[in-house]
Structures are given as structure tokens and as C-alpha cells.
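Subject: Handover of a structure

Dear colleague,

I am passing the structure below on to you, and after it you will find notes on what turned up in it. Please read them with the model open beside you.

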Amino acid sequence: MDKKRSNPMEWLNQMVGEPYYFFHFLAFFSYFIVRSSASNVLSPQITQLLFYREIQAVLAFFMLIAYKMAREETWEAFIADTLFFGKIFLIALTLIMDYHLTLWYLVVFSVIYVLTQQPPYEELGSASKLTPLQLEALLTEGNTSRFWLVEFRASFSSSCRRASRCFPELSITYSNKNLSFGIVDLGLFPNAAEKFGISPGGSMGQLPTYILFENAIEVSRFPEFNFEATPTPPITKRLLARHFELDRHLLEYVNGK
């Protein structure tokens, strides 16, 4: 992940201001309070076992985080994985103390999942938010860009939230007079999904979907139509740039082709 994404103040503000992060923080912080209280009632053997398991959990957690930090391309995906691993290790530790405590944390995390969702990356870069009618008008007008790369996303999709940073950053790098970037929110315009051949939910969910148009004609999309429902790889800038040959389009623009 790029250093410019690791702004501590940005994530501190989000942790305080976003219910998703704030409630997770309270849930994890409560473990330390519970742990302090449990030391007075647990037997010495259980306390010692719990201490050893906590050390093992912390070491394993940081190893996984280091691996994810090197592999993940966006902070949204990294934070989602970090919270997931934290929940797993916390629940495993509470099993040593009392299974009632485990059930309590399962309920807490379930409530957080139902009532809140991870906020997506809000910046647009050089991309434009479009309605389906605006997109159709831009594609049919002859005085706009030759190519339009459009991301179809929805806020209810965890995959869209994890990849929400990729498209705006791609637009900053590759946007030019021949290639424009647009974003259509299918959560706001669900009827547009069928028009563009996108399955927004269920086992065949295809969000986010990226479609490249040339002179109003679709020339490529990701993920492609797949009737076997094979798993879609995680969305990254490198994957999208390679699939849509964005480097070639940029070179053609620079060379005046």
C-alpha cells in the first residue's frame, strides 16, 4: 500500500465519526475491561493458559496483518481484513474464559454487522458520478470522449466498498481527452443493472462491474459474462489496468493516435 494512504489522522477521524469503526473500537476495547475483571475470578491455571494464548494470538495477528499490508492494495480492504482477524482471535480467547462471553461477543458483532457498514472511499479522482440517463447521453453524443470506462457499484456490496479506492485513483492516472471515467451507483438506480447486463446480487453477483465503451459500443467488461460462476479475483488497479489495456490507451493518446 502506498504511504500516502496511511494518514493516521484520517483514520482517527473515521474511527470516531463513523459508527462502523467506532462500535468496533468499543467492542475490542471492552475485552480489556472484561479481561481485568476475569483475572479475579479465574483459576491460576486458566489465567496462565489465557496469558499464553493471548501472546500466541497477538503474534499470529501481527503476522497476518503484515502479510495483508504487503498484499492488499487499498486501505479499505486492509481494514476489513484486520477487523475480521481481530474478531476471530477475540472470540477464540473468550472461549477460554467463558462460553457465555463468547456468545455475547457474537451477538455484538452480529448487531454491528446488521446496523452499520464499512464506509467506502469517498473521493472521485477524475471520475464523474453519473445517472443512467447521463451515461446514455454521454455515450451517444459525438463531442465526448471516444472511450468511457464506467464502474457500476452499490454501497450494499462489500466488494464495492473494498475496491472503492481503485477506480478513482486509476482515473487520476489514465484520464485524458480520449478516455473518460464514470461511476454509476446501482443502489440508487437498480433498474440500470438489467439494461447493462449486470447481476447485482445472489450467487451470481457481479459487483463491482467495469465496462469499457468505445463510441457508445461495449468493447470489454470485467468481470466478463460467466455462466459457470467462477470466483472473481479481488479488484486491484493492476488487474483493471491490464484487463482494459489502459497503458496502451494512454500511449495512443500521447502519440496522437
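R248 and E252 both belong to helix 11 (residues 246–254), where they sit four residues apart, about one turn of the helix; helices here are DSSP runs of H or I with at least four residues, numbered from the N terminus. The two side chains form a salt bridge in which the closest N and O atoms are 2.7 Å apart, a salt bridge being a side-chain nitrogen of Lys or Arg within 4 Å of a carboxyl oxygen of Asp or Glu. R248 is partly exposed because its relative accessible area is 37%, and E252 is also partly exposed, at 23%; buried means under 20% relative accessible area, exposed over 50%, and partly exposed in between, with a 1.4 Å probe and protein chains only.

Please keep in mind that this is a predicted model, in which local features need pLDDT of at least 70 and side-chain atom pairs count only at pLDDT 80 or more, while totals for chains, interfaces and linings use all residues. Residues are numbered from 1 along each chain as its sequence is written, and side-chain values use heavy atoms, with hydrogens and water left out.

By the rule above, the count comes to 10 salt bridges. One of them joins E54 and R35, at 2.6 Å from N to O, and this pair links distant parts of the chain, since E54 lies in helix 3 (residues 44–71) and R35 in helix 2, 19 residues apart. E54 counts as buried because its relative accessible area is 14%, and R35 is likewise buried, at 14%.

A further salt bridge runs between R165 and E76, with the closest N and O atoms 3.0 Å apart. R165 is in the loop between helix 7 (158–162) and helix 8 (166–174), whereas E76 is in helix 4 (residues 75–97), 89 residues away. Both R165 and E76 are buried, and they belong to a network of salt bridges that also takes in E169 and K237.

With kind regards

Notes:
Helix = DSSP H or I, 4+ residues; strand = E, 2+ residues; numbered from the N terminus.
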